[in-house]
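Hi,

Here is the model I said I would pass on.

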Amino acid sequence: MKSITDSLLNQISDFKEGFQGAYNIREDGGCAGRQSTKNIRIESKEENPGINIHISGNTKNETVYIPACVTKSGVHDLVYNDFYVEEGADVIIIAGCGVHSDGGEEAAHNGIHRFFVGKNARVLYQEKHIGTGTGAGQRKIDPVTEITLDEGACMEIDTTQISGVTRSDRSTTAVLSKDAKLIIHERLLTDGSERANSDFSVTLEGEDSGVDLISRSVAKGNSYQEYRSLIRGNCRCSGHSECDAILVGGGIVNAAPALYAGHIDASLIHEAAIGKIAGEQITKLCTLGLTEEEAVRKIIEGFLKQ
């Protein structure tokens with residue numbers, strides 16, 4: 001692998017001279033390393049660029065790594081990854097994407113991930129997105145995530161984008177069966193002239209299914225963020241959407257959470273809060289010896305960790 005890839009892997013997936021267990025490393029549109037295990041099988045797709053990941057029902061507390069890296073300008077990587085999680089499995093999936101550009105051309109990665117999660121299976125999906133390099137070219141990451149949860153399945157998504165991605169469009173859709181649960185935590189920071197769009201659409205089809213969608217974001221400089229969410233409740237179910245954003249400088253956030261209750265026993269709620277950092281918070285930290293810049297940085301770090 002290239003040294004840039006090694007550096008990106010350390011930032012997006014805690015790469016320490018290698019991965020333990022199953023993994024697939026993608027570099028500039030190709031495979032830079034792959035390993036399957038007894039319970040997790042990774043295979044190349046035949047019809048499209050990408051992989052199929054088969055996770056056995058015998059999988060318990062195992063981790064599979066699927067990071068993708070773009071290391072130079074002019075690369076436009078498109079990948080299709082499908083996850084087949086069998087009934088009763090318990091797995092951690094660590095994804096993540098790093099895009100590096102030192103030139104004037106755009107560098108981009110678009111990952112289309114589909115999850116088919118079996119009955120009573122549990123999935124923790126973690127992804128970090130970063131952009132690095134000094135080039136004038138755009139660094140773009142446009143992930144598409146499609147989720148189908150069978151009866152009693154549970155999936156938790158923890159997604160973070162906090163550095164250097166100039167353009168991103170994140171689209172997530174999910175359909176939940178009876179007793180299925182989906183938890184999504186988004187953390188997002190933009191600066192300069194960066195733009196980020198997040199679009200979530202969750203349909204609760206099975207009785208007693210539920211979703212908890214929480215977004216924490218900071219818009220600095222002249223950056224722009226757009227947050228859209230739609231929760232459809234078509235049965236007895238529960239849904240919660242929360243968007244909290246901090247504005248710093250000339251940052252702009254447009255939040256549009258929406259609910260659709262198609263059943264009398266659908267219990268749905270949304271909330272959004274956007275504003276600047278309170279002056280008394282900064283003053284309090286400054287009395288402890290921090291500069292105003294340091295105080296703002298500490299407040300933002302704490303906010304994004306919630």
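To start you off: which residue in S17 is the bridge partner of Thr172? It's Phe200. Before the rest, the ground rules. This is a predicted model, with residues numbered from 1 along each chain as its sequence is written. Local features need pLDDT of at least 70, side-chain atom pairs count only at pLDDT 80 or more, totals for chains, interfaces and linings use all residues, and side-chain values use heavy atoms, with hydrogens and water left out.

Strand names follow DSSP runs numbered from the N terminus (helices are H or I with at least four residues, strands are E with at least two). S17 covers residues 195-204, and eight of its 10 residues are buried, so the rest of the structure largely encloses this strand. Buried here means under 20% relative accessible area, exposed means over 50%, and partly exposed is in between (1.4 Å probe, protein chains only).

S17 pairs with S15 (residues 167-176) in the parallel sense, over 10 bridges. It also runs parallel to S19 (residues 224-233), again with 10 bridges joining the two. For pairing, DSSP has to find at least two bridges between the strands. On the S19 side, Leu204 has Gly233 as its bridge partner. Keep in mind that side chains in a regular strand alternate between the two faces of the sheet.

**Arg170**

This one is worth a click. Arg170 sits in strand S15. Is it buried or exposed? Buried, with a relative accessible area of 5%. Its side chain makes a polar contact of 3.4 Å with the side chain of His129 and another of 3.2 Å with that of Glu186. A polar contact is a pair of N or O atoms within 3.5 Å; within protein, one must be able to donate a hydrogen and the other to accept it, and residues adjacent in sequence count only if both atoms are side-chain atoms.

If you skip neighbours within four places in sequence, the residues in contact with Arg170 (heavy atoms within 4.5 Å) include Glu127, Pro143, Thr159, Gln161, Asn197, Ser198 and Asp199.

**Cavities**

How many cavities of 30 Å³ or more are there? Two. The search used a 1 Å grid over the protein atoms alone: a cavity is a set of points where a 1.4 Å probe fits but cannot get out, a pocket is an open set with protein on both sides within 12 Å along at least five of seven lines, and lining residues have an atom within 4 Å of a point. Grid points are joined across faces, edges and corners, and a volume is the space filled by probe spheres set on the points.

The largest cavity holds about 60 Å³. Arg170 is part of its lining, and so are Thr172 and Phe200, the pair I opened with. Among the others are Tyr125, Glu127, Ile157 and Ile184. S11 (122-132), S14 (154-163) and S15 each supply at least two lining residues. The lining splits into five nonpolar, three polar and two charged residues.

Glu186 turns up in its lining, along with Leu188, Ser198, Ser215, Ser217, Gln225, Glu226, Tyr227 and Val253. S19 gives the most here, with three residues.

**Pockets**

The largest pocket has about 270 Å³ of space. Of its 26 lining residues, Asn24, Arg26, Ala68, Val79 and Asn81 lie nearest the centre. Its lining divides into 12 nonpolar, 11 polar and three charged residues.

The second largest pocket is about 200 Å³. Helix H3 (residues 292-305) contributes the most to it, with six residues. That lining has five nonpolar, no polar and four charged residues.

Asn61, in strand S5 (residues 60-65), has a positive phi of about 55 degrees although it is not a glycine. Asn61 is exposed, at 63% relative accessible area. Asn120 also has a positive phi, near 60 degrees, and is found in the loop between S10 (107-117) and S11. Asn120 is partly exposed, at 43%.

Cheers

Definitions and conventions:
Ala, Val, Leu, Ile, Met, Phe, Trp, Tyr, Cys and Pro count as nonpolar, Asp, Glu, Lys and Arg as charged, and the others, Gly among them, as polar.
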